[in-house]
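Good morning, everyone, and thank you for making time for this. I would like to walk you through one structure, going from the whole chain down to a single side chain.

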Amino acid sequence: MGMTDPIADMLTRIRNALAAKHSKVDVPASKVKMELVRILKEEGYINNYKISGEGARRSIRIYLRYGPKGELVINSLERVSKPGCRRFIGSDSIPNILGGLGVNILSTSKGMMTGKQARKAKLGGEWICNVY
């Protein structure tokens, strides 16, 4: 039987790896997860990522980022839109996370982007998750 929410699984794996102070974590690859990880890297929440393997065995290795004294860079990763309850949001009602310190990630008709980018492009979409 397949997994019902692979994005939530990826976020949970990252959360657990951060709690255990791991330097990297592997997650099964998909196009959506690769876009999410690309945004996390662009926003400075992770150091890097690498895609390995072929076909159905592809995985993404995510290199986690910590502060200079080992403090967490990602304090919260929360899934907003879930398979049982999808959350869509218009460009005019995209909220700021922690007064602009955090990032919300949306899946729009022009691909995955942060809430700030979606607001600027006047695009709404599915509200995937919040990161801060």
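I will begin with the overall fold, then turn to a hairpin, and finish with one arginine.

Please keep in mind throughout that what you see is a predicted model. The protein chain has 3 helices and 8 strands, and if you follow it along the sequence, the elements come in the pattern α-β-α-β-β-β-β-β-β-α-β. The C-alpha atoms fill a box of roughly 40 × 40 × 25 Å along the principal axes. For 132 residues, a compact globule would have a radius of gyration near 14 Å, and the 15 Å found for this chain agrees with that. Of these 132 residues, 39% count as buried, and among contacts with a separation of 6 or more, 61% join residues 24 or more positions apart.

Let us now look at the hairpin, which is formed by β2 and β3 with 6 residues between them. Strand β2, residues 46–52, pairs with strand β3, residues 59–64, in the antiparallel sense over 6 bridges; as one example, N48 has Y63 as its bridge partner in β3. In the turn, G53 has a positive phi of about 85°.

Finally, R79, which lies in strand β4, residues 77–79. Is this residue buried or exposed? R79 counts as buried, because its relative accessibility is 12%, and the cut-off is under 20%. Its side chain has a polar atom 2.5 Å from the backbone oxygen of S81, and the R79 side chain also reaches the backbone oxygen of I128 at 3.4 Å. Leaving aside neighbours within four places in sequence, the contacts of R79 include D5, I7, L11 and C129.

Notes. Residues numbered from 1 in each chain as written. Predicted model: local features only at pLDDT ≥ 70, side-chain atom pairs only at ≥ 80, totals over all residues. Heavy atoms only, no water. Pairing = 2+ DSSP bridges. Helix = DSSP H or I, 4+ residues; strand = E, 2+ residues; numbered from the N terminus. Buried < 20%, exposed > 50% of the residue type's maximum accessible area, 1.4 Å probe, protein only. Polar contact = N/O pair within 3.5 Å; in protein donor to acceptor, adjacent residues only side chain to side chain. Contact = heavy atoms within 4.5 Å. Rg over C-alpha atoms; globule rule 2.2 N^0.38 Å.
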